[in-house]
Amino acid sequence: MALVTGANKGIGRGIAGRLAALGLTVLVGARDTARGEEAAAALRAAGGDAHALALDVTDPATVEAAAARIRERFGRLDVLVNNAGVTGSGRVSPDRAHDQVPSTVDLAMVRSVFETNVFGVITVTNTMLPLLRRSPAPRVVNVSSHGASLTLNADPDGPLVALPPSAAYSPSKTALNAVTVHYANELRKDGFLVNAAAPGYVATDGNDHSGFLTVEQGAEVPVRLATLGADGPTGGFFGAEGPVPW
Ligand code: NAP
């Protein structure tokens, strides 16, 4: 039983499809009910067991209602993938981003990005925790980004320096990584494995389809972390190439 937030499109939809193909029952979290139903129907048509679940990560009432529905209908949750995310500008593709320069960034935009990418993850995780505690092998995956890496950002010769400034999006993912480590530490004793995933640069609406990976490729790392065996890592940050520096 897996819940993927923001699963109506993009990487989340890819994750939901892959988990369904592996035989898990997948709850397609979506803030727009019609788009969630459409995605769930497509997964069912492909042979998966998928159900739409209305859920806006910035609206605690919808998260509570989603948890109540899972409790009544399924009784527990084994996998939570916190995938829903926003860039703030919608223009993180290298040739078009000008609005996340730190000295001129719109603070309201920074707040709204943190609201979804950080506070939304805490809201969803804490609301789903009682259901995850009923699982024999609970797994939580937070979909982060290579842009979260302070090490890569601070390297003047590193791969991220050529990218546009990212005063809202990248710091929100750095904060998400920090939150991930603290959840992992708290929940280690309870058998949880909590990790952050860097999917790579994936062609989605989030970057105006400038990415070079498919959503299926972008889903690979999150799905691997969602299906870890008992001896798997916790409190880590992983990309397709292996551990990503913090
Ligand atoms: P996307 O195609 O824009 O999909 C984002 C998803 O999040 C959509 O389903 C969107 O729903 C949902 N969402 C946004 N705000 C939400 C909210 N408040 N409540 C519930 N759902 C919400 O972008 P994507 O590229 O697949 O991004 C998925 C995740 O991967 C994000 O966390 C992103 O930061 C991360 N990521 C992406 C890349 C990349 O190269 N694409 C790289 C690194 C990390 P709507 O359809 O309703 O807007």
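## Strand pairing in the sheet

Strand β5, residues 139–143, runs parallel to strand β6, residues 193–197, and five bridges join the two. Within this pair, V141 has N195 of β6 as its bridge partner. The model described here is predicted.

β5 and β6 belong to an open sheet of eight strands, arranged in the order β3-β2-β1-β4-β5-β6-β7-β8. The pairing across this sheet is mixed. Its edge strands are β3 (49–54) and β8 (242–243), each of which pairs on one side only. In general, strands of a sheet pair through backbone hydrogen bonds, in either a parallel or an antiparallel sense.

## Helices on the sheet

## The ligand and its shell

The ligand is surrounded by 29 residues, of which R35, N83, Y169, V202 and T204 are the closest. By class, the shell holds ten nonpolar, 13 polar and six charged residues.

For N83, a polar backbone atom is 2.7 Å from a ligand oxygen. For G6, a backbone N or O atom is 3.1 Å from an oxygen of the ligand. N207 contributes through its side chain, with an N or O atom 3.3 Å from a ligand oxygen. On its own the ligand has 890 Å² of accessible area, and the protein covers 92% of this. Helices α1 (10–21) and α6 are the elements that give two or more residues to the shell.

## Surroundings of V215

V215 is part of helix α7, which spans residues 215–218. Apart from neighbours within four places in sequence, V215 contacts G10, I11, G14, V202, A203 and T204. Two of these contacts, V202 and T204, are also listed among the residues closest to the ligand.

E186 stands 29 residues from V215 along the chain, and the C-alpha atoms of the two are 31 Å apart.

How values were computed
Residues are numbered from 1 along each chain as its sequence is written. This is a predicted model: local features need pLDDT of at least 70, side-chain atom pairs count only at pLDDT 80 or more; totals for chains, interfaces and linings use all residues. Side-chain values use heavy atoms; hydrogens and water are left out. Two strands pair if DSSP finds at least two bridges between them. Helices (H or I, at least four residues) and strands (E, at least two) are DSSP runs, numbered from the N terminus. A residue is near a molecule or strand if one of its heavy atoms lies within 4 Å of it. A polar contact is a pair of N or O atoms within 3.5 Å; within protein, one must be able to donate a hydrogen and the other to accept it, and residues adjacent in sequence count only if both atoms are side-chain atoms. Accessible areas come from the Shrake-Rupley method with a 1.4 Å probe; for residues, only the protein chains shown count as cover. Ala, Val, Leu, Ile, Met, Phe, Trp, Tyr, Cys and Pro count as nonpolar, Asp, Glu, Lys and Arg as charged, and the others, Gly among them, as polar. Contact means heavy atoms within 4.5 Å.
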